[in-house]
Amino acid sequence: MYAIRLHAFGPAENLVYEEVEDPEPGPGQVRVAVRAAGVHLVDTTLRAGKYAGGPIPVPDLPTIPGREVAGVVDAAGPGVDPGLVGRRVVTHLGMAPGGYAELAVRDASAIHEIPDGLGYGEAVAMIGTGRTTMGILDVAEIRADDVVLVTAAAGGIGNLLVQAAVRAGATVVGLAGGAAKVSRVRELGAHHAVDYAVPGWPGEVRAILGDREVTLALDGVGGDLGRATLELLGVGGRIVLFGWADAEGGPTALTTQDLYARGITAAVAVGPRVLKRPGGLRGLEERALAAAGSGAGSGALVPLVQSFPLKDAAAAHAALETRATTGKVVLVP
């Protein structure tokens, strides 16, 4: 098979498209002929040889990156129902990488059948990014009377949060960088879309809302943008944090004084809170796939997907690092 391999930590150009041996499924495993592989921002950090935080360690080299795949089961290992062969499935590979490839193996107990009508790229978007979104929504508890501010609203998680908030009946303000992304956020149903690349954007948000205040901020960007988002919260507002886009910018800075000054609350929706979730992550995955597979016109979440050929994984990483992507980035063999 062909795969993307990393032989030395460094820039995106270090991702090499080359031929490697086909993996074989072991006991209790299936092999998936990959039709779409997910690319995550964490992948770019690990590629550079930096610890990304959380449970995923810097990999030993050489390695095949990637932990989210969708495709068709083409082989079953010992002890696995041979009837799974030919099924459309999606899975998160867990701690073991290997997704940027034409073939991947996974425990049969960890795969999900893809709902009818859901494409491979969309399934990949929901198995990782979608399950995180479900966890964020559980913490956020969006209400119909909320004014919700979503950072990186055209991103993989952001676009789903916008859709979910709109469906909850809230007033939604989406932040995105550049005219094209702002336009896409409006298409998602956001009531207002603001370009955070334009100086003075917080003033634009205040002008748009008039006498209303932001009651809920959903922040996955951090840094200065996250701090400005925090400052827009009204008295008694909530902020839910789920990461930061720039390693140098770090997570949104806040102190107990911020909480006391306006009576706001802050919660982190990722990390240990998700990993220690009763029942594990599979329930979130099932909910995410069901939310996207419930059918057009029925309130389904429709993940935005941007595809790159597998051989162009370096270009996909570069685009993701420069925030030139929209929605979930996937590689297509």
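## Strands S12 and S13

Arg238 has Thr265 in S13 as its bridge partner. The model is a predicted one. Strand S12 covers residues 233-241 and pairs with S13 in the parallel sense, over four bridges.

## The open sheet

S12 and S13 belong to an open sheet of six strands, ordered S10-S9-S8-S11-S12-S13, with parallel pairing. Its edge strands are S10 (192-195) and S13 (265-268), each of which pairs on one side only. On average, neighbouring strands of this sheet are turned by 15° against each other, with direction ignored.

Within this sheet, strand S8 (residues 147-150) and strand S9 (residues 171-176) run parallel and are joined by four bridges. Val147 stands opposite Thr171 in S9. The residues of S8 point to two sides: Val147 and Leu149 go one way, Val148 and Val150 the other way. All of these S8 residues are buried.

## Helices on the sheet

Helix H3 lies across S8, S9 and strand S11 (214-219). The direction of H3 is at about 170° to S8. Helix H4, residues 179-187, also packs on the sheet, where H4 touches S9 and S10. The direction of H4 makes about 165° with that of S10.

## Helix pair H2 and H3

Two packed helices are described by the angle between their axes and the distance between the axes. Helix H2 (residues 120-140) packs with helix H3 (residues 156-167) at an angle of about 50°, and their axes are 9 Å apart. That angle makes H2 oblique to H3. The crossing in which H2 passes H3 is right-handed.

On the H2 side, the contact is made by Met126, Thr129, Gly130, Thr132, Thr133, Ile136 and Leu137. These meet Gly156, Ile157, Leu160, Leu161 and Ala164 in H3. By class, the residues of the contact of H2 with H3 divide into seven nonpolar, five polar and no charged.

Is Thr133, one of the H2 residues in this contact, buried or exposed? Thr133 counts as buried because its relative accessible area is 0%, below the 20% cut-off for that class. Thr133 has its place in helix H2. Leaving aside neighbours within four places in sequence, Thr133 is in contact with Ile157, Leu160 and Leu161. Ile157, Leu160 and Leu161 are among the H3 residues that meet H2.

## Helix pair H5 and H6

Helix H5 (residues 201-209) and helix H6 (residues 223-231) pack with their axes 10 Å apart, at an angle of about 30°. H5 and H6 are therefore roughly parallel to each other, as angles under 35 degrees fall in that class. H5 passes H6 in a right-handed crossing.

Trp201, Pro202 and Arg206 are the H5 residues in the contact. In H6 they meet Leu225, Ala228, Thr229 and Glu231. The contact of H5 with H6 has four nonpolar residues, one polar and two charged.

## Gly283 in helix H9

Gly283 lies in helix H9, residues 282-292. With a relative accessibility of 30%, Gly283 counts as partly exposed, since that class lies between the 20% limit for buried and the 50% limit for exposed. Gly283 and Gly38 are 245 residues apart in sequence. In space, the C-alpha to C-alpha distance of Gly283 and Gly38 is 20 Å.

Conventions. Residues numbered from 1 in each chain as written. Predicted model: local features only at pLDDT ≥ 70, side-chain atom pairs only at ≥ 80, totals over all residues. Heavy atoms only, no water. Axes fitted to C-alpha atoms, helices over the stretch in contact; angles between N-to-C directions. Parallel < 35°, antiparallel > 145°, perpendicular 65-115°, else oblique. Left-handed = near helix turned anticlockwise from the far one by under 90°. Contact = heavy atoms within 4.5 Å. Nonpolar A, V, L, I, M, F, W, Y, C, P; charged D, E, K, R; others polar. Buried < 20%, exposed > 50% of the residue type's maximum accessible area, 1.4 Å probe, protein only. Pairing = 2+ DSSP bridges.
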